[in-house]
Structures are given as structure tokens and as C-alpha cells.
Amino acid sequence: MPSTALAGVRVLDLSRILAAPLATQMLADLGAEVIKVERPGTGDDSRTYGPPFADGPDGTRTDTAAFYLSCNRNKRSVTVNHATAEGQALIRALASRSDVLVENFRAGTLAKYGLDHESMRELNPRLVYLSVTGFGQTGPYAQRPGYDGIFQAMSGMMSVSGHPGEPMKVGVSMVDILTGLYASTAVLAALRHRDVTGEGQFIDLSLLDCGLASLSHFAMNYLVSGEVPVRRGNGGYGGIPSQAFLCEDKPLFLVAGNDKQFAAFCAAADRTDLLQDPRFATTSARITHREEILPVLEAILRTRTRDDWLAALDEHDVPAGPFNEMPEVFADPQIQHRGMLVEVEDPVSGRLPLLANPIRFTATPVEGYAAPPALGEHTAEVLAELADVTGDQLAALRARGVV
């Protein structure tokens with residue numbers, strides 16, 4: 001039995017920034033061997049996306065950005081200049097011994113170097129080739145560049161986020177993150193198909209497509225009703241209440257998604273009279289009379305402190321949670337119990353804190369975490385192992401700027 005779910009799977013990672021590196025990090029967490037190929041001298045653009053930068057063991061600042069550290073653990077870094085003929089030959093050699101190749105160059109770019117899917121398929125018919133681009137391989141926008149905020153705007157995500165009159169970008173790079181998750185799922189499905197048929201395939205993944213797909217019930221509500229969703233700030237589209245409320249001192253988020261939970265909330269608030277009002281007696285009635293019930297609920301929640309409310313709501317089994325800043329998140333006893341913060345040894349910064357992978361397996365647990373690699377840290381060992389490059393050859397390649 002393998003000790004990890006993806007033991008024996010090798011991924012050649014030609015990607016940079018966030019979406020695709022998150023996908024390959026997920027595969028690495030699950031046990032795949034991931035070889036990250038970077039430009040000599042500069043590497044992944046995200047290495048410089050700081051501050052903040054990691055501190056070294058002596059407290060001095062390193063040149064490695066936290067952004068890069070967020071999506072490159074459990075990988076080996078190799079530097080190869082893909083614009084040179086010798087570099088292209090090295091990448092082909094690595095691809096010939098890989099199960100998956102991941103890249104996020106603009107559509108058509110790698111074809112100029114003979115590193116596109118068609119070229120690689122001739123070399124390795126079993127290769128799963130994932131291409132992550134802003135707009136996909138086809139269509140009128142295929143050659144456009146783009147970043148997360150652009151896709152949040154174009155996909156409709158910003159149209160349903162924020163307050164009325166003020167569209168709002170989600171704070172984190174949500175389209176990148178969702179695309180990374182779609183990408184890792186797609187690779188796993190393609191590997192399953194490869195295991196059955198013996199054939200690899202090409203995966204064309206677009207950030208714009210993923211952003212739109214993630215709108216889920218918001219998009220479906222529009223398709224069914226024809227009504228454009230209204231931005232509701234911290235309010236949701238499910239049962240009422242489902243939003244943030246300010247208590248006497250601090251805010252909390254409260255959800256009563258069905259009639260039983262709303263009745264439990266009324267009991268906790270000592271306001272069972274609300275259940276006798278036909279405007280508020282059922283989920284559908286509360287949604288219909290949203291603008292009438294919300295001021296009532298806001299006034300009720302302001303009468304006690306947040307912690308008093310959380311205790312009362314918990315006692316009555318009403319879903320609710322505090323609004324946490326980052327220090328409170330990592331101090332939360334549930335987060336600590338679940339082991340969502342891990343520390344690893346890092347040759348650059350000493351001890352490096354990392355977010356843990358949230359997947360919990362019984363047979364193949366995610367246990368090993370290796371610090372994100374320094375630029376080119378594994379060039380010599382990987383090229384010797386997989387491309388038969390000797391020490392003298394490596395020195396010559398370095399002298400010519402190939403690696």
C-alpha cells in the first residue's frame with residue numbers, strides 16, 4: 001500500500017504565480033513528486049511579491065515573499081531556460097519521465113519552443129497536460145493577459161459581492177484559488193482515465209470559466225428567474241437571518257437556515273412572539289419580508305455582547321460564529337485542535353509556519369510538509385536523476401545560462 005495517495009505520480013510544474021502552483025501544491029501534498037521548473041536568476045514572479053518577506057534565522061529579511069511560500073511547499077525547484085534549445089531538450093527529457101505537465105503560459109506560447117501538448121504527446125502519450133490560462137485556448141479573448149481581479153469583475157463575482165452601489169472584489173484571490181482546486185480535480189480525473197485507457201489528454205482550464213462556474217446558485221437563480229442578483233453586503237441568499245450582525249460590542253455571523261433554527265433563535269432571544277407573525281413564521285415568508293425582519297433582528301442582537309449571544313445561540317443549537325481577525329483565527333481552539341497550522345524546518349528562514357492541508361484521510365494521511373524550495377535548490381539532483389546530466393555537463397549548462 002502506498003504511504004500517500006499519489007505516491008508514484010510525477011508532476012512537471014512549469015507554472016508560476018498562484019492558480020496553477022496551488023494546484024501542483026495540492027498534488028504534492030497528496031504525495032505526488034512535483035518538480036518546479038523556474039527561470040534561472042529570477043524564478044517564479046511570486047518570489048518577489050512582497051513585502052512581507054520571510055525572516056532568516058538571525059531576524060534579517062530574506063528575499064522570499066510570503067506569497068511564494070503560500071503555494072510551493074513539497075516541491076523540488078529546478079532552473080531551466082526554456083527559451084534555449086538546450087533548455088527545451090532538458091524539459092522534454094523531464095516530461096518524458098513525468099505523468100503530468102502543468103503550465104500557465106499564454107495560449108500558444110509554448111508551441112514556439114516545441115513544448116506544447118501536441119509535441120509532448122508524441123514524446124509521452126501517457127502524459128496528462130494541464131494548461132491554465134486567463135481566457136482559455138480558444139475564443140476572441142484567448143490572447144489577452146489577465147489577473148484575478150479582472151476575472152472577478154468579468155465573471156460576475158464582483159456583481160454579487162459588496163454593498164448596493166459598490167461592487168466589491170473578494171479580499172483573497174478567489175478566482176485563482178478556485179481555479180487551482182478545479183485544476184487539481186481535473187488532473188486526478190485525467191490520471192484515472194489514463195490508468196484505464198493508457199492515454200493522457202489535454203486539459204484546457206480558464207480562470208474566467210472557473211470564476212463563472214463558482215457563482216453556482218447565484219447564477220442559477222438568475223437563469224431560472226431572470227432577476228439580476230442584488231448585492232447584500234454581509235447578507236446571504238439563503239434563509240433569514242443569514243448575515244453579520246453588530247452586537248453590543250462586536251459583530252457575529254448568524255444563520256438560521258430553516259424554521260427549526262429560527263424558532264431556536266427566537267427562544268434564545270426570548271422573542272417567541274416573532275413566530276406568531278405570519279410575515280416571519282416560515283422561511284419563504286422571512287425571505288419575502290427580508291426588509292421588514294432585518295431591522296427587528298438588528299435591534300435584538302444589539303441588546304447583548306457578542307460572547308453572551310454566542311453562548312446562548314450555542315446552547316440552543318443555532319449556527320453562529322464570531323468575526324475573527326487573523327490572530328483570533330489561529331488562537332481559536334477548534335483551529336488548533338484540527339492542526340491547521342504546521343511548522344517546518346526551512347534552510348532560509350529557520351522555522352517556517354504553514355497552513356496545513358485541510359483534507360483528512362484515514363489510509364493515506366497528509367503528513368509530510370517540506371518547505372517551499374529555494375530557487376534552483378534541486379537542479380543538480382533532478383537533472384542527474386531524470387535527464388542523465390553529469391556534474392561537468394551541469395557546470396557547462398550553467399556557464400551558458402541554460403540552468
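How far is the sulfur of Cys266 from the closest cysteine sulfur, and which residue holds that closest sulfur? The distance is 16 Å, and the partner sulfur sits in Cys247. That is too far for a bond. The model is predicted.

**Cysteines**
- A disulfide is a covalent bond between the sulfur atoms of two cysteines.
- This structure holds zero disulfides.
- To count as a disulfide, two cysteine sulfur atoms must be within 2.5 Å.
- For Cys71, the closest cysteine sulfur belongs to Cys210. It lies 16 Å away, too far for a bond.
- Cys71 is buried, at 0% relative accessibility.
- Cys266 is buried too, with a relative accessible area of 0%.

**Ala244 in strand S11**
- Strand S11 covers residues 242–246, and Ala244 lies in it.
- Ala244 has a relative accessible area of 24%, so it counts as partly exposed.
- Setting aside neighbours within four places in sequence, Ala244 is in contact with Asn234, Leu252 and Phe253.
- Glu298 is 54 residues from Ala244 along the chain. The C-alpha atoms of Ala244 and Glu298 are separated by 9.4 Å.

**Helices H3 and H15**
- Helix H3 spans residues 85–96, and helix H15 spans residues 379–386.
- Their axes come within 10 Å and cross at roughly 65 degrees. The two helices are therefore roughly perpendicular to each other.
- The crossing of H3 and H15 is left-handed.
- H3 brings Leu90, Ala93 and Leu94 to the contact, while H15 brings Val382, Leu383 and Leu386.
- Six residues of this contact are nonpolar, none polar and none charged.

Methods: Residues are numbered from 1 along each chain as its sequence is written. This is a predicted model: local features need pLDDT of at least 70, side-chain atom pairs count only at pLDDT 80 or more; totals for chains, interfaces and linings use all residues. Side-chain values use heavy atoms; hydrogens and water are left out. Buried means under 20% relative accessible area, exposed over 50%, partly exposed in between (1.4 Å probe, protein chains only). Helices (H or I, at least four residues) and strands (E, at least two) are DSSP runs, numbered from the N terminus. Contact means heavy atoms within 4.5 Å. Axes are lines fitted to C-alpha atoms, for helices over the stretch in contact, and angles run from 0 to 180 degrees between N-to-C directions. Angles under 35 degrees count as roughly parallel, over 145 as roughly antiparallel, 65 to 115 as roughly perpendicular and the rest as oblique. A crossing is left-handed if the near helix is turned anticlockwise from the far one by less than a right angle, and right-handed if clockwise. Ala, Val, Leu, Ile, Met, Phe, Trp, Tyr, Cys and Pro count as nonpolar, Asp, Glu, Lys and Arg as charged, and the others, Gly among them, as polar.
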